[in-house]
Amino acid sequence: MTEAAAPTPAKGEETPFRYTAQMAEEIELKWQGRWEKGQAFRALNPGEAGFDAARPKFYCLDMFPYPSGAGLHVGHPEGYTATDIICRLRRMQGFNVLHPLGWDAFGLPAEQYALQTGVHPAITTKKAIDTFRNQLKRFGFSYDWSRELATIDPDYYRWTQWIWLQCYGAYFDEATARARPISELEFVLARDNNEVELPQGDGRRRWRDCTPQQQQSWLDARRLAYLGEQTVNWCPQLGTVLANEEVINGRSERGGFPVSRLPLRQWMFRITAYADRLLADLQLVDWPVSTRAMQEEWIGRSEGALVQFEVHGPAGSAGDLAVYTRRPDTLFGATYMVLAPEHPLVVQMIANPAAGVDVAALRAYVEAARNRSEVDRQAESVIKTGAATGWMARNPATGALIPIWVADYVLMGYGTGAIMAVPGHDQRDFDFAQAFSLPVVQVVDVAGQEWTGDAATPGEGRAINSASAELSLDGLPTAQAKARIIEWLQKKVIGQAQVQYRLRDWLFSRQRYWGEPMPVAFDEAGIHHPVDEAALPVRLPELADFKPVESATPVPPLSKARQWVETTAGAAGICVGRIPPDAVMHRETNTMPNWAGSCWYYLRYCAPACADRFVDSRAERYWMAGRGVDLYVGGSEHAVLHLLYARFWHKVLFDLGHVSTVEPFGKLFHQGLITSFAYTRQDGSLVPVDEVDEAAPGFVERATGKPVARTVAKMSKSLRNVVNPDDVIAQYGADAFRLYEMYMGPLEASKPWNPRDIPGVFRFLQRLWRLLIDERTGQPLLAREADPRLERLLHRTVAKVAHDIDRLAFNTAIAALIEMVNEATRPFDLTDAGAGGLTRDQALRLVSAAAPFAPHIAEELWGRLGGTGLVAHASWPAVDAAMLVDEKVEIAVQVLGKVKLRLQVSAADAADVARLEAAALAHPEVIALLAGRVPKKAIAVPGRLINLVV
RNA sequence: GCGCCAGUAGCUCAGUUGGCUAGAGCACACCCCUGAGACGGGUGAGGUCGAAGGUUCGAUUCCUUUCUGGCGCACCA
């Protein structure tokens with residue numbers, strides 16, 4: 001803390017009832033105790049005694065906190081204060097409010113902390129939760145603590161596992177675009193004996209002619225949770241594989257460690273099946289535009305065509321190669337093809353080299369590309385590298401044979417992992433063609449971009465040089481050329497229109513200890529079997545040595561729990577009735593990622609104690625009614641990760657009939673980051689925040705008196721600018737803390753923590769107190785008669801506060817309260833004992849309006865003023881609409897847009913254009929002002945002004 | 001490079017469909033209170049509303065360009 005003035009405790013006998021930090025603490029602890037004892041914020045579910053179905057519901061959710069060993073920082077209470085304020089207002093407005101909190105407690109950070117300290121994560125995590133809970137309770141947040149839950153509770157994660165099993169037991173029905181139980185699919189196939197496509201090019205076969213193994217693997221390949229061979233992101237430093245969403249610029253989102261690519265068989269979620277709905281349903285939610293845009297970009301829908309190219313190897317025709325292109329209209333300009341180094345065809349090309357090709361170089365290139373980390377690959381992205389394969393492909397439009405190359409600028413994970421290269425109209429292809437002297441042809445005439453052959457023209461235009469005996473695109477604008485060629489490709493059965501997404505399936509396996517075990521096991525043949533619902537939860541085994549296994553490849557630590565891993569079908573609870581109970585099984589040793597628990601916690605809050613279902617249906621239908629969670633507040637860092645995953649799970653649960661809404665979070669809001677000032681000496685070294693003084697023009701280091709520069713940065717230990725909320729509360733109280741964080745600026749804005757501003761809001765609380773309470777006696781100070789001006793202002797203040805809270809503009813609501821208190825303080829003399837500025841009724845309404853922000857001082861004032869019950873349960877003061885408009889309105893008179901004078905006009909005259917104009921022009925002052933000039937035109941704005949043009 | 005958001009007093013921010021002399025808190029100066037100080041109260045100074053064009057009777061507000069900062073995406077064919 002700086003030297004900023006701390007409130008002095010009341011001295012002597014003069015003002016023993018002064019609002020000081022000490023009194024704030026006493027008041028706050030007193031009311032927190034009473035709220036807790038009286039379960040003041042307990043939300044009742046439908047069916048419970050006392051539940052009032054006539055009230056509207058309001059489900060307000062904070063993003064799941066991840067309790068770290070370091071405890072709370074000032075960023076946490078920002079969003080929590082905001083939701084607390086709106087929840088308190090809604091209760092006073094008569095809503096049934098659901099406002100729960102729990103803990104996201106599995107995952108890497110907790111495990112890493114445990115590794116550092118050498119203490120088991122079960123212990124460190126519980127301790128961190130206790131610390132967080134204690135700290136949060138000191139803020140006086142109105143959570144329904146009876147609904148508290150943690151993802152590490154077996155009673156919770158049994159249902160996380162259950163949801164995974166739902167996905168395992170479901171497939172995506174393309175016809176209806178929704179998930180359905182895979183047993184339905186199996187039933188229909190058996191009944192109708194349909195023909196199915198077998199994997200690995202085994203052709204098509206009738207269902208009943210398939211072996212049981214073929215049937216099983218066909219079904220397994222369609223599950224929403226499936227075991228897939230994929231190139232995954234392997235992070236050796238974290239000791240686990242990561243989802244695409246967790247990798248940023250080739251480094252891990254958490255920790256910033258390099259990530260390499262590795263083919264691996266892992267559990268996946270078929271989130272790509274939902275790409276279309278995840279995209280389309282963004283229209284249904286009230287979310288920040290930036291967040292919706294991020295999800296749209298992440299899903300990355302693109303329209304184009306799939307085109308088959310005939311491949312020619314040394315032994316002649318070698319099947320077809322499919323490519324995806326957004327610009328099928330440029331097919332005539334495809335002069336070569338490129339495969340990703342991981343493309344399966346590359347293996348064949350190396351095994352059967354074409355004559356005259358340097359196979360060693362090709363093999364070396366593919367090897368190098370595989371071993372290169374993503375970071376390296378991107379760092380070198382400017383320079384195109386590649387190797388010729390010697391194999392050729394036939395361009396179906398021109399009939400020409402074009403060479404096939406391998407290059408790492410083509411990614412295996414997008415489209416088919418192969419492209420047709422059109423160097424004339426794609427910059428990347430052009431760069432590559434330049435590097436390897438490949439032909440470039442122009443097939444589109446782009447307006448405004450002259451064709452020189454020195455650069456690609458990637459825009460749209462009219463097709464040229466695009467004609468064959470069968471087909472001509474020449475002269476067609478791009479859109480029509482696309483349609484024409486797709487039609488032709490379709491007729492020839494060598495292509496069709498295709499929608500492609502950037503989104504990939506979600507990698508769900510983690511090689512870590514501290515996570516939910518997957519409810520699945522493998523038999524001796526390596527076939528996987530789900531654990532029966534009745535046998536859940538699959539408990540995480542106690543493991544003394546939970547360190548990740550040192551290895552170049554992923555090895556889950558759970559594999560060390562031999563006795564747990566090696567089990568029988570009976571012990572593991574697998575397929576009771578279909579498999580002998582003594583059959584040998586080994587459990588899945590990968591665990592679920594951190595995201596699993598946070599994908600559905602908002603549902604569990606509706607009925608956290610429900611024992612026979614993941615959520616009680618009636619409770620879910622009540623609290624999620626309408627558009628789900630009514631307000632969800634949290635940081636924007638989860639814009640694509642958590643928020644995309646949770647939407648996906650929710651949609652699956654919806655499809656399977658387990659939840660009642662399509663989207664989980666109707667309205668979303670991101671609070672801004674709280675930054676902090678940091679001070680640097682002229683040589684760039686850092687000065688701790690508490691060793692700096694403000695000097696006349698700038699800031700100086702206290703010890704030396706030398707000037708230092710102030711910057712704004714994220715709070716971090718290294719910058720020595722971290723603020724501990726406990727210290728602030730000790731110095732000013734929780735009400736002042738809450739008020740300060742809300743007054744700093746708009747909730748969504750990033751803003752610096754400035755300790756110098758805290759005394760300002762503390763003084764406001766003191767003024768509020770002193771306005772209503774005699775500091776010498778502790779008795780209320782009340783006016784005998786209501787001042788009509790203050791009455792009017794009070795109505796306005798109450799209306800503005802409610803309106804501003806609705807739009808989450810807490811800073812302006814507080815400003816209105818400050819103005820109200822300042823106005824009410826002015827007219828009365830502090831020395832006149834017993835006489836205040838507001839009547840008891842007015843005072844109670846003012847206290848009500850302040851209660852959402854500073855609930856403790858409000859309860860105390862409410863009690864001292866003789867309010868009944870708790871102000872937290874009081875009704876929000878009624879606003880008389882008539883009090884919001886003035887009887888007399890001040891109208892500005894402008895001449896040519898410049899204000900010359902102002903008139904008092906009756907509200908009725910001011911509201912009507914014609915009457916306003918007449919009243920103004922007839923006014924002696926206006927006549928004097930015009931001095932004979934005749935206005936050519938008068939522009940009247942009702943209630944505001946009149947502008948005269950002369 | 002592309003997209004989104006933001007630039008208002010020394011600092012942090014208000015300014016709700018274009019309209020009144022652009023406001024608040026902190027900081028600053030002065031005055032009152034006091035033996036003196038702290039607390040408190042009062043008064044005041046401080047802004048070409050990032051820049052340049054345009055639309056309009058009138059622009060901080062709308063449009064275009066540009067500068068600066070933040071965030072996101074980035075070899076996705």
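Tutor: Chain A has 30 helices and 37 strands, where helices (H or I, at least four residues) and strands (E, at least two) are DSSP runs numbered from the N terminus. The model is predicted, so local features need pLDDT of at least 70 and side-chain atom pairs count only at pLDDT 80 or more, while totals for chains, interfaces and linings use all residues. Residues are numbered from 1 along each chain as its sequence is written, chains are lettered from A and ligands numbered from 1 in the order in which they are written, and side-chain values use heavy atoms, with hydrogens and water left out.

The sheet to look at is an open one of four strands, in the order S2-S1-S26-S27, with parallel pairing. Two strands pair if DSSP finds at least two bridges between them. Strand S2 (96-98) and strand S27 (668-669) stand at the edges with a single partner strand each, so one side of each has no neighbour in the sheet. Strand S1 (residues 57-62) runs parallel to S2 and is joined to S2 by three bridges. In this pair, Tyr59 stands opposite Leu98 in S2.

Helix H2 (residues 76-92) packs on this sheet and touches S1, S2 and strand S26 (631-633); contact means heavy atoms within 4.5 Å. The direction of H2 makes about 170° with that of S1. Axes here are lines fitted to C-alpha atoms, for helices over the stretch in contact, and angles run from 0 to 180 degrees between N-to-C directions.

For contrast, another open sheet of four strands has the order S8-S7-S11-S21, with antiparallel pairing. Its edge strands are S8 (240-242) and S21 (506-507), each pairing on one side only. Three bridges join strand S7 (residues 225-235) to S8, and Asn233 stands opposite Leu242 in S8.

Now the chain as a whole. Of the 950 residues in chain A, 54% are buried, meaning under 20% relative accessible area, with exposed over 50% and partly exposed in between (1.4 Å probe, protein chains only). Among contacts in chain A with a separation of 6 or more, 70% are between residues 24 or more positions apart.

The largest nonpolar core has 197 residues, and Trp164, Trp506 and Trp753 have the most contacts inside it. Such a core is a set of buried Ala, Val, Leu, Ile, Met, Phe, Trp, Tyr and Cys residues joined through side-chain atoms within 4.5 Å.
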